[in-house]
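Have a look at it, then read on.

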Amino acid sequence: MSKFDQLIDSFRKPLSNPRGTVTEFKKTTGGKVVGCLPPYCPEEIIHAAGMLPVGIWGGQTHLSKVNTYFPAFACSLVQTTLELGLRGVYDDLDAVIIPSACDTLKCVAQNWKAAIPQVPMIPLVHPQNRKLQAGIKYLQSEYENIRSQVERIGGKRITDADITDSIGVYNRHRRVMRDFVLLAATYPNVITPSIRHLIFKSAYFMEKSKHTELVQDFIREVRQQSSITWQGRRVILTGIMAEPESLLELFNEYRLAIVDDDLAHESRQYRVDVPDGNEPLERLATAWSNFEGCSLAFDPGKKRGAMLLDMVSTSQADGIVVCMMKFCDPEEFDYPIYYEQLQTANIPVLYLEIDQNLNSVEQLRTRIQGFAELLK
Amino acid sequence: MSDKITSKQLLGQLLQKHYDEALEAKKRGELVAWSTSIAPNEFCETMGIHVVYPENHAAAIGAKGGAIPLLETAEGLGYSVDLCSYARINLGYIKTLDCVADNIPLPDFIICCNNICNTLIKWYENIAAQLSIPMIMIDVPFNHERQVTQARVEYIKAQFTEAIGMLEKITGKDFDYERFYEVMRISAESCRYWKHAMSLAQQVPSPLNGFDIFNYMALIVCMRGKQGCIDTFKLLSEELEESIRQGRGAFKEGEKHRIMWEGIACWPYLGHNFKTLKSYGINMVGSTYPDAWALLYEPGDLDAMARAYSSIVNNCCLEQQVEYRTGVIKDFRCDGTIYHLNRSCKIMDFLQYEQQRQIAPATNVPFISFDGDQTDPRNFAQAQFETRVQALVEMMEEQKKAANNSQGGVEHV
């Protein structure tokens, strides 16, 4: 097996059996595991407690129980998440953090208490007036609450120094992930859309310094290869997430390289570092204030369109693919505004409706094929 | 026949005046704002700014059968059919500036409070972007706990200060704190009279036809900082108290069943819904509306004001939402509940199933649910509504029969 394949295997391993990853972590470290629901959780606090934060972003599964909580018009991300929870898939978690970034997620948190009482729920409500000092201060109090709840679960104090160390680990990881995005745009022949996604997704199931190391190894390994001129087209993805994986295979099939992304599941997680400062929780809260371009972070200036145009020009993309999570209000509201800006700038746009639980991608195939032809 | 004005007439006059004055103000070059329906009105009222409420406007358009062209305009702009129909109507209206109801002037700035839902934030962001106008945001974090934490109170209060600063900048005028105190007094008093009038529906038979709440609501949304609002609800209370003294219910034919209505009205089918219920002698006596504008606080107490705006039912945890609705069913002596599974409103829908599971055993009251939409007429089927209501009537009758039998045939009222 080549070094490249070995590395891919290491990224795939924690994902192939997430439950095994959780129990393995518990067995080897004696630490606890906390689930983090979308979109943004202060993982640094969990990491500082010696615990493993894992991402809970739904998945492909048959829906049989969740219709007693949600009607059909809730997004597939929360439908599949609650379905898996109702089936006991998250029972090994010591807690979950649920941010209330949209109306649906507020209800997920409240339903969780009734549906999955065996897994304690820690709520988090980000301030929307993010630029106000009072907003940062309030978010600090939310993070303080998370710290004390995580301390209770772990049975030991989490010091400011612990969190400061973890912020260091996470900022390093963010920088490496941004390097990886640039690398993926340079080596689309090697880093296929599926591999690109795999590397992002694996970060949700690994301790971050280990993931950083692995991504750095991967970057070194790929850089040894000569970059072959890409014969296909270059696109940017925008939205919450790009799943199921069969969707990404279509991009590969029609020679569409993903040269950058604006997905909440992927690059938005790494867009800004936690800034320098004295108080670690204040630093974490300030990062939310500095963050831009996400439908779930209040922005009366609607900068997302301009940011997408910048991305197109920096990464020399041929077009933008909107991965519209079906029934996601925040994303659906952003779309007409940035679409108009992209249209004015003559950027080709493909609108794909994302349902994580899609059985067949054949309808999407036709659309992706058509878009690839349009870009030729 | 008395020539004394009724509360209904007063309501009609005041609302007409409200819409006329906004248009005239705009013509004179005065500032006009748009606001969400439970945002603090106190700041703009203090500044003497004309405020219009897009949710109320969208509801009026829906009730007058004029939703479709505006919904289609918004959808043509790229807005998904899955989004809130109030938002789609309003975003469509911004393009057409014409509708079947009174027209409203475009705003010079907007004020948004997300105590009802976060959808409002996105809707208002888009208005601000489309019209390139300032947006005042009062962010009221969802209360997962049973109380509004002090950290949240401080955050909300800081936003009040920020809003005042923005208003001073927009208007070029100083904020008059004495006037502010007076507006707080009037607003809180309006809310008290509103709640009192609505609570009179607890009487059996109810002197209030519940669907009238949907009409009176426009006033508490649009004018709660004005004396006219107090006068109207004072008058309404007097009328209802008079009916109670005379033992007169709202339905001449008698009130056979009393229900709680959960959710927003189906505005395009308000008449149909009302007639269907009335044909069975059903009066909608209970709803979450009485408390939606029960914004009670002592004038001058900004902590209490922050808490009041944060404690709207939609912004509270599941336990409180269940307790609140259980209380309504008991206090208003409801025999059944109708849940509107409103295609437009995720925040109200996505806790509904769990609420039903908890409320039904706590109240021992049967319920039905129907699929509808606040203002998109394409998401409602009359036949389904009628069948479900019929099923509810059967369940309520069965329950009453059983109760009578167990009480040895004593009439239950």
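Predicted model: local features only at pLDDT ≥ 70, side-chain atom pairs only at ≥ 80, totals over all residues.

Residues are numbered from 1 along each chain as its sequence is written, chains are lettered from A and ligands numbered from 1 in the order in which they are written, and side-chain values use heavy atoms, with hydrogens and water left out.

**Where A meets B**

Let's start with the contact (heavy atoms within 4.5 Å), which takes 47 residues from chain A and 47 residues from chain B. Together the chains bury about 4,200 Å², with 63% of that on carbon and sulfur atoms; buried area here is the accessible area (1.4 Å probe) that two parts lose on being put together, summed over both. On the chain A side, A:Phe73, A:Gln110 and A:Phe333 lose the most area to chain B, together 18% of what that side buries.

There are also 26 residue pairs in polar contact across this interface, both residues at pLDDT 80 or more. (A polar contact is a pair of N or O atoms within 3.5 Å; within protein, one must be able to donate a hydrogen and the other to accept it, and residues adjacent in sequence count only if both atoms are side-chain atoms.) Helix 5 of chain A gives the most to the side that touches chain B, with 9 residues. Helices and strands are DSSP runs, H or I of at least four residues and E of at least two, numbered from the N terminus.

Salt bridges put a side-chain nitrogen of Lys or Arg within 4 Å of a carboxyl oxygen of Asp or Glu. Chains A and B share 6 of them, and the count over all chains is 61. Here are two examples:

| Salt bridge | N to O distance |
|---|---|
| B:Glu125 and A:Lys302 | 2.9 Å |
| B:Asp108 and B:Lys26 | 3.2 Å |

B:Asp108 sits in the loop between helix 5 (85-96) and strand 3 (109-113) of chain B, and B:Lys26 in helix 1 (residues 7-27) of chain B, so this pair ties together parts 82 residues apart in sequence.

**A sheet in chain A**

Chain A has an open sheet of 4 strands in the order 2-1-3-4, with parallel pairing. Strands pair if DSSP finds at least two bridges between them. Strand 2 (52-55) and strand 4 (121-124) of chain A are the edge strands, each pairing on one side only. In chain A, strand 1 (residues 33-36) is joined to strand 2 by 4 bridges, and A:Gly35 stands opposite A:Val54.
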